Amino acid sequence: MKNTIIKQMDENAVKIDDIKIFANILKEKGTVIFPTETVYGIGANALDVESAKKIYEAKGRPSDNPLICHIGKKNQVYDIAREVDEKSKALIEEFWPGPLTIILKKKEHVPSITTGGLDTVAIRMPKNNIANALLRESNIVVAAPSANISGRPSPTTPEHVISEMDGRVDGIIVSKICDVGLESTVIDMTLDIPTILRPGKITLTDLKKILKNVIIDPAILKKEENLIAKAPGMKYTHYSPNAKITIIRKKDKNIDEKIKELILNQEQNLNIAIMCMEDDYKKYQNLNSLVFNLGKNLDEVAKNLFYTLKKLDDNKVDLAYCPYFEGEEISIAIMNRLLKASGYRVLES
Ligand code: TXA
Ligand code: MG
């Protein structure tokens with residue numbers, strides 16, 4: 001067990017003396033958890049092998065999974081990428097700082113522990129004053145995967161981070177619930193056609209405004225083993241709470257009727273939960289189940305999803321039901337996480 005330094009900070013009133021404490025930990029090859037606009041990240045010096053190893057240890061994660069390098073200034077991209085083509089420059093101008101990770105050819109000195117042995121490196125500049133101050137003050141390129149134990153939901157709240165990671169890292173900065181709630185969109189700019197490897201808040205439509213030609217990796221909403229996931233992170237079990245989640249997709253009946261029917265046929269002693277949008281909340285009352293409100297719109301569903309998955313565990317839920325969120329845009333990112341969390345368990349109504 002490490003003696004973790006924990007500090008609460010306000011994103012709108014960042015105190016540089018507080019930031020220095022954590023910047024020094026990074027300079028001394030330690031690990032620091034910090035908030036970003038997407039999820040909390042567990043950071044260490046990306047260009048130092050000893051530091052990067054500590055991230056894998058804290059997460060209990062296989063070391064062939066590459067990490068995202070976080071920078072505090074746009075021009076740091078040239079310190080770690082071998083070439084930055086015109087299209088990537090246009091993406092940087094449009095979307096940084098923000099929830100977009102860009103994959104580029106790496107420079108020699110980026111160690112293979114950070115890139116999972118690949119010839120490419122994933123880079124992003126987060127949009128969060130605390131993250132930005134930490135990155136600038138330390139002047140370090142910081143590798144930072146989501147701050148969860150491998151396989152568990154990514155943390156988006158202070159309580160989640162502290163309950164899971166206190167004692168596993170040198171420092172933790174907490175602030176509030178993360179704005180986006182899902183990890184950054186990952187786009188590979190080294191392929192012939194720029195390809196979204198992980199969907200997020202920045203959608204295909206957003207990217208099409210800058211890139212003429214861009215596609216989504218077909219592996220994103222499918223479980224099929226024969227589709228080789230290009231982002232190695234996609235091959236591991238992810239986001240799994242202890243509860244068994246079933247996603248209900250509309251076919252013949254209304255989704256709420258199907259969920260009610262399923263609940264009535266379950267054994268009495270199981271602890272059952274339903275996750276739904278605010279408008280549907282009332283439909284599920286009096287079912288002898290917990291009902292979790294994911295929000296009024298899809299952006300709120302994204303923001304609340306991981307937090308709600310964590311609440312399933314906190315409430316010792318055995319079975320949880322959730323509707324399939326149809327559509328494009330942010331729904332694709334939501335469904336990508338929800339399908340993994342459910343082990344691709346989808347029932348038609
Ligand atoms: O929002 C985020 O991106 C958060 C916050 C903390 O910034 N970070 C995060 O990192 O989600 P992580 O390590 O959990 O996810 C990294 C993803 C994985 O799916 C990984 O396989 C992919 O990016 N990735 C990283 N480097 C890659 C590379 N060179 N080629 C392909 N995929 C890569
Ligand atoms: Mg992760």
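Me: What should I know before I start reading?
Reply: The model is predicted, so local features need pLDDT of at least 70 and side-chain atom pairs count only at pLDDT 80 or more, while totals for chains, interfaces and linings use all residues. Residues are numbered from 1 along each chain as its sequence is written, chains are lettered from A and ligands numbered from 1 in the order in which they are written, and side-chain values use heavy atoms, with hydrogens and water left out.

Me: Which domains does the assignment give?
Reply: The assignment gives domain 1 (5–221) and domain 2 (244–348), with bounds that come from an automatic or database domain assignment. Their C-alpha centres lie 29 Å apart.

Me: How many residues of each are in contact?
Reply: In domain 1, 25 residues are in contact with 21 residues of domain 2, where contact means heavy atoms within 4.5 Å.

Me: And what area is buried between them?
Reply: About 1,900 Å² is buried between domain 1 and domain 2, and carbon and sulfur atoms give 62% of that; buried area is the accessible area (1.4 Å probe) that two parts lose on being put together, summed over both. Leu-182, Pro-199 and Leu-221 supply 31% of the area that domain 1 buries against domain 2, more than any other three residues.

Me: How many salt bridges cross that interface?
Reply: The rule finds three salt bridges across the interface of domain 1 and domain 2, each being a side-chain nitrogen of Lys or Arg within 4 Å of a carboxyl oxygen of Asp or Glu.

Me: Changing topic, where is Ser-146, and is it buried or exposed?
Reply: Ser-146 sits in the loop between strand S7 (142–143) and helix H7 (158–165), where helices (H or I, at least four residues) and strands (E, at least two) are DSSP runs, numbered from the N terminus. Ser-146 is buried, with a relative accessible area of 15%, since buried means under 20%, exposed over 50% and partly exposed in between (1.4 Å probe, protein chains only).

Me: What about Lys-29, what is its phi?
Reply: Lys-29 has a positive phi of about 70 degrees although it is not a glycine, and it is partly exposed, with a relative accessible area of 30%. Most residues other than glycine have a negative phi, and most peptide bonds are trans.

Me: Which peptide bond is cis, then?
Reply: The bond from Trp-96 to Pro-97 is cis, with omega near -5 degrees, and Pro-97 lies in the loop between helix H4 (86–95) and strand S5 (100–105).
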